[in-house]
Amino acid sequence: MPVAGDTALHHVAELGVILVAAGRGERLGASEPKAFVELGGASLLTHGIRTVTSLPHPGQLVLVVPDGHAGEALALADELVPEGLLWQVSVVPGGRERHESVRFGLDALHDTIRTVLVHDAARPLTPASVFERVLNRVHQTGEAVVPGVPVADTLKQIDANGTVVSTVDRASLIAVQTPQGFTLEGLAAAHESAQARATVSDVAGAPTDDAEVVQRFGGTVHTVAGDPLAHKVTTQADLVMLEGTLLHAEANGFAPRSGRHSATPQGRAAK
Ligand code: CTP
Ligand code: MG
């Protein structure tokens, strides 16, 4: 496994962040994988690396990238996360499904890691405050935590012909985002069990997020407030929308990324 910034850890990191960036981005339809597509002059992966490494905790960031893109990701990590900071970056290739990519990310975590956040590179403007909220709640509860936002649209249940059957009560629904937080022990056990089951036959289909992996394993999943800025880039329309958000934020003198640190950041270790 190639490792960037491969020096002795200056801090004992107990926090691991797995940034899953190995998807193909088929619905976006760009010529390169989604994580390497640019938003406001920086790739989605760059946005994610900057935000995670702005968190004032010693940590290990694992970038899970498409096959053939490890070199590019390592170069990016070297450029954005100089040695001697609080964060150490590792790069591993991803799998065919998201849950497989997460598992490869888990395998790359150091022995010191106790808490893990799993985040989609496809949510490039997620504020650092969402990471902190999730992390605090994991520390409080020792259980799984997901950020969520209220559902704005009216929701209808439909039949096979597209005819409306009923209106769904929105009050009890949220749209779930990332980062999702877990104890490493809890998430690793749930993934191992899911993998063992998948070799038999998984009638429920592939889990679409990590909280579902934990829930199927019998774990409790708590929620904290998410943020509209954590919106996921799925299609070109999402990219256009977030481009507009970024321009608006810059024109009004604030960056969505509250912790955008540069050359001599606070809260980072001296060499
Ligand atoms: N992901 C991953 N490995 C996979 C599939 C997805 O690491 N095998 C990551 C993506 O890179 C993304 C996140 O999981 O950051 C959410 O997935 P999604 O939005 O579906 O991205 P893609 O799978 O790349 O897009 P598409 O489904 O349109 O191909
Ligand atoms: Mg996908």
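Select T126 first: its side chain reaches the backbone oxygen of R123 at 2.8 Å. That is a polar contact, meaning a pair of N or O atoms within 3.5 Å; within protein, one must be able to donate a hydrogen and the other to accept it, and residues adjacent in sequence count only if both atoms are side-chain atoms.

Before going on, note that this is a predicted model, where local features need pLDDT of at least 70 and side-chain atom pairs count only at pLDDT 80 or more, while totals for chains, interfaces and linings use all residues. Residues are numbered from 1 along each chain as its sequence is written, chains are lettered from A and ligands numbered from 1 in the order in which they are written, and side-chain values use heavy atoms, with hydrogens and water left out.

**Stop 1: around T126**

Stay on T126. It sits in the loop between β6 and α4. Helices here are DSSP runs of H or I with at least four residues, strands are runs of E with at least two, and both are numbered from the N terminus. Is T126 buried or exposed? T126 is buried, with a relative accessible area of 1%. The classes are buried under 20% relative accessible area, exposed over 50%, and partly exposed in between, using a 1.4 Å probe and protein chains only.

Now show the surroundings. Neighbours within four places in sequence aside, T126 is in contact with T51, H119, F131, T178, P179, L229 and A230. Contact means heavy atoms within 4.5 Å.

**Stop 2: the whole chain**

Zoom out and colour by secondary structure. The protein chain has 7 helices and 12 strands. Of its 271 residues, 48% count as buried. Take the contacts with a separation of 6 or more: residues 24 or more positions apart account for 77% of them.

**Stop 3: salt bridges**

Show the charged side chains. Side chains of opposite charge can pair when their charged atoms come close. The whole structure holds 5 salt bridges, each a side-chain nitrogen of Lys or Arg within 4 Å of a carboxyl oxygen of Asp or Glu.

Select R98 and D120. Their side chains meet in a salt bridge at 2.8 Å, N to O. R98 lies in helix α3 (residues 98-107) and D120 in strand β6 (residues 115-120), so the pair ties together parts that are 22 residues apart in sequence. R98 is partly exposed at 25% relative accessible area, whereas D120 is buried at 10%.

Move to E100 and R96. This salt bridge spans 3.7 Å, N to O. E100 counts as buried, at 15% relative accessibility. R96 is exposed, at 77%.

Next, pick E212 and R216. Their side chains form a salt bridge at 2.8 Å, N to O. Both residues lie in helix α6 (residues 210-216), 4 residues apart, about one turn of the helix. E212 is partly exposed at 25%, and R216 is partly exposed at 25%.

**Stop 4: the cores**

A nonpolar core is a set of buried Ala, Val, Leu, Ile, Met, Phe, Trp, Tyr and Cys residues joined through side-chain atoms within 4.5 Å. Which of the 34 residues in the largest nonpolar core touch the most other members? They are L45, I49, L61, L63 and W87. Two or more residues each come from β1 (15-20), α1 (44-52), β4 (59-65), α2 (70-80), β5 (87-93) and α4 (128-141). With 6 residues, α4 gives the most to this core.

Centre on W87. Beyond four places in sequence, W87 touches L15, V17, V52, T53, L55, H57, G59, Q60, L61 and V81. A second, separate core has 22 residues, including A13, V64, I113 and A190.

**Stop 5: helix α2**

Select α2 and look down its axis. A73, L74, L76, A77 and L80 are buried.

**Stop 6: ligand 1**

Finish at ligand 1. Of the 18 residues around it, V20, G25, E26, S101 and K232 come nearest; a residue counts as near if one of its heavy atoms lies within 4 Å. A polar backbone atom of G23 is 2.9 Å from an oxygen atom of ligand 1. R27 places a polar side-chain atom 2.8 Å from an oxygen atom of the ligand. At E97, a polar backbone atom is 3.4 Å from a nitrogen atom of ligand 1.
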